[in-house]
Amino acid sequence: MFARACLLMFVAAPALAAPAGSYANDPVVLIDYGVICQVTSNGSRPAPETLMGEINLIDQTRDMDLTTRVVPAKAGISFGVKFAGAPGAGGQPVTVVVEHPPMGEAGITRESWAAELTEGSSLNLFTFEFPYEMVPGDWSMLLEADGTRLMEQHFEVVSELAAPAVLSVCYGQDFLS
């Protein structure tokens, strides 16, 4: 996404019980949320409703390195959600939305890109790449279809020293030294 939205490439995965971020009887199941310490882009695709105008494509088989809502504002850190469509929900067009404090010269607060709900899992992340993206405050990742919110997950972006558990997982002894 952008702070590079990292996204798509659906891979089959079993749906698990829906955590609080999903809505009852909706066609989506939140599998996990949190931080991935480092992702590798497998290319990109246009996403005109993002600050950068494109999103990175990433390996959908990745698991979160740490399930957490607290995210350090540090270059290279990615955070977001992994979700799956409920049985029978395949093929539904959805919009992934990231809401965040104002960023960039225009003070953008909402970025989004199109996706398709499948019964396989989808990993959608925001990766901090540039200083103007590392804005502390409340962030949300949402999934919408036809104006209806299907899922949401809230995050708190904090200064890097305010998230020692994440930095310890991502950087181990390098952080502690």
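How many salt bridges does the count come to? By the rule used here, in which a side-chain nitrogen of Lys or Arg lies within 4 Å of a carboxyl oxygen of Asp or Glu, the count comes to seven salt bridges, and several of them are stops on this tour.

Before selecting anything, note that this is a predicted model, in which local features need pLDDT of at least 70 and side-chain atom pairs count only at pLDDT 80 or more, while totals for chains, interfaces and linings use all residues. Residues are numbered from 1 along each chain as its sequence is written, and side-chain values use heavy atoms, with hydrogens and water left out.

**The whole chain**

Begin with a cartoon of the protein chain, which holds two helices and 11 strands; helices (H or I, at least four residues) and strands (E, at least two) are DSSP runs, numbered from the N terminus. Followed from the N terminus, the order of elements is β-β-β-β-β-β-β-β-β-β-β-α-α. Of the 177 residues, 48% count as buried, where buried means under 20% relative accessible area, exposed over 50%, and partly exposed in between (1.4 Å probe, protein chains only). If contact is taken as heavy atoms within 4.5 Å, residues 24 or more positions apart account for 74% of the contacts with a separation of 6 or more.

**The disulfide**

Next, select Cys 37 and Cys 170, which are joined by a disulfide with an S to S distance of 2.0 Å; the term stands for a pair of cysteine sulfur atoms within 2.5 Å. Cys 37 lies in the loop between strand S2 (28-36) and strand S3 (44-46), and Cys 170 lies in helix H1 (residues 164-171), so the pair ties together parts that are 133 residues apart in sequence. A search of the whole structure finds one disulfide. The torsion about its S-S bond is about -80°, so the disulfide is left-handed. Cys 37 is buried at 14% relative accessible area, and Cys 170 is likewise counted as buried at 18%.

**The nonpolar cores**

Now show the side chains of Val 71, Phe 79, Phe 128, Trp 139 and Leu 143, which touch the most other members of the largest nonpolar core, a set of 35 residues. Such a core is a set of buried Ala, Val, Leu, Ile, Met, Phe, Trp, Tyr and Cys residues joined through side-chain atoms within 4.5 Å. The elements giving two or more residues to this core include S2, strand S6 (78-85), strand S10 (137-145), strand S11 (148-158) and H1, and S11 supplies the largest share, five residues.

Centre the view on Val 71 and display what surrounds it: leaving aside residues up to four places away in sequence, Val 71 touches Val 35, Ile 77, Phe 79, Phe 128, Phe 155, Glu 156, Val 157 and Val 158.

**The salt bridges**

Turn to the charged side chains and select Lys 82 and Asp 63, which meet in a salt bridge (3.7 Å, N to O). Lys 82 lies in strand S6 and Asp 63 in the loop between strand S4 (54-57) and strand S5 (70-72), so the pair ties together parts that are 19 residues apart in sequence. Lys 82 is buried at 9% relative accessible area, whereas Asp 63 is exposed at 54%.

Then select Arg 62 and Asp 65, whose closest N and O atoms are 3.5 Å apart in another salt bridge; Arg 62 is partly exposed at 25%, and Asp 65 is partly exposed at 34%.

A further pair to select is Glu 160 and Lys 74, again a salt bridge at 3.7 Å, N to O. This pair links distant parts of the chain, with Glu 160 in the loop between S11 and H1 and Lys 74 in the loop between S5 and S6, 86 residues apart.

**The surface**

Switch to a surface view, where the chain exposes about 7,900 Å², 53% of it supplied by carbon and sulfur atoms; accessible areas come from the Shrake-Rupley method with a 1.4 Å probe, and for residues only the protein chains shown count as cover. Select Tyr 132, in the loop between strand S9 (121-127) and S10, which is partly exposed at 33% relative accessible area.
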